[in-house]
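Student: Hey, can we go through this one together? I'd like to ask things as they come up.

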Amino acid sequence: MKNVLGYLGFVLILGGASGLLAGHLGGFRLFGFVRFLVPSGHETAGYAALLVLGVVLAIPSARKG
């Protein structure tokens, strides 16, 4: 279960970060599927929430024990 949470957290971190960068720099979206998770008009807050959720999911998988 830790591995699944780690992979999901990693994908959400990358998706949120790439969405934020694409929104502010005007580049292409690396993870295009995350645009379906974020409501239209709230991209910055949505991608930031995905980034935070990814970090929250990745923390337990990084702990030893």
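Student: Where is Ser 18 placed?
Tutor: The place of Ser 18 is in helix H1. Helices (H or I, at least four residues) and strands (E, at least two) are DSSP runs, numbered from the N terminus. Keep in mind that this is a predicted model, where local features need pLDDT of at least 70, side-chain atom pairs count only at pLDDT 80 or more, and totals for chains, interfaces and linings use all residues. Residues are numbered from 1 along each chain as its sequence is written, and side-chain values use heavy atoms, with hydrogens and water left out.

Student: Is Ser 18 buried or exposed?
Tutor: Ser 18 counts as buried because its relative accessibility is 13%. Buried means under 20% relative accessible area, exposed means over 50%, and partly exposed is in between (1.4 Å probe, protein chains only).

Student: And what is Ser 18 in contact with?
Tutor: Leaving aside neighbours within four places in sequence, Ser 18 is in contact with Leu 30 and Phe 31. Contact means heavy atoms within 4.5 Å. A polar atom of the Ser 18 side chain also lies 3.1 Å from the backbone oxygen of Gly 15. That's a polar contact: a pair of N or O atoms within 3.5 Å, where, within protein, one must be able to donate a hydrogen and the other to accept it, and residues adjacent in sequence count only if both atoms are side-chain atoms.

Student: There's another serine, Ser 61. Which helix does Ser 61 lie in?
Tutor: Ser 61 lies in helix H2. Ser 61 is partly exposed, because its relative accessible area is 25%. The Ser 61 side chain reaches the backbone oxygen of Ala 58 at 2.8 Å.

Student: OK, new topic. Which residues make up the largest nonpolar core?
Tutor: Six residues: Leu 12, Leu 20, Val 34, Val 38, Tyr 47 and Leu 50. Helix H1 (2-25) and helix H2 (43-62) each supply at least two residues of this core. A nonpolar core is a set of buried Ala, Val, Leu, Ile, Met, Phe, Trp, Tyr and Cys residues joined through side-chain atoms within 4.5 Å. In soluble globular proteins, nonpolar side chains tend to be buried together.

Student: Take Leu 12. What is it in contact with?
Tutor: Leaving aside neighbours within four places in sequence, Leu 12 is in contact with Leu 50, Leu 51, Leu 53, Gly 54 and Leu 57.

Student: Where is Phe 36, and is it buried or exposed?
Tutor: The place of Phe 36 is in the loop between H1 and H2. Phe 36 counts as exposed because its relative accessibility is 65%.

Student: Last one: how many helices and strands does the protein chain have?
Tutor: The protein chain has two helices and zero strands. Of its 65 residues, 25% count as buried. The C-alpha trace spans about 40 × 20 × 15 Å along its principal axes.
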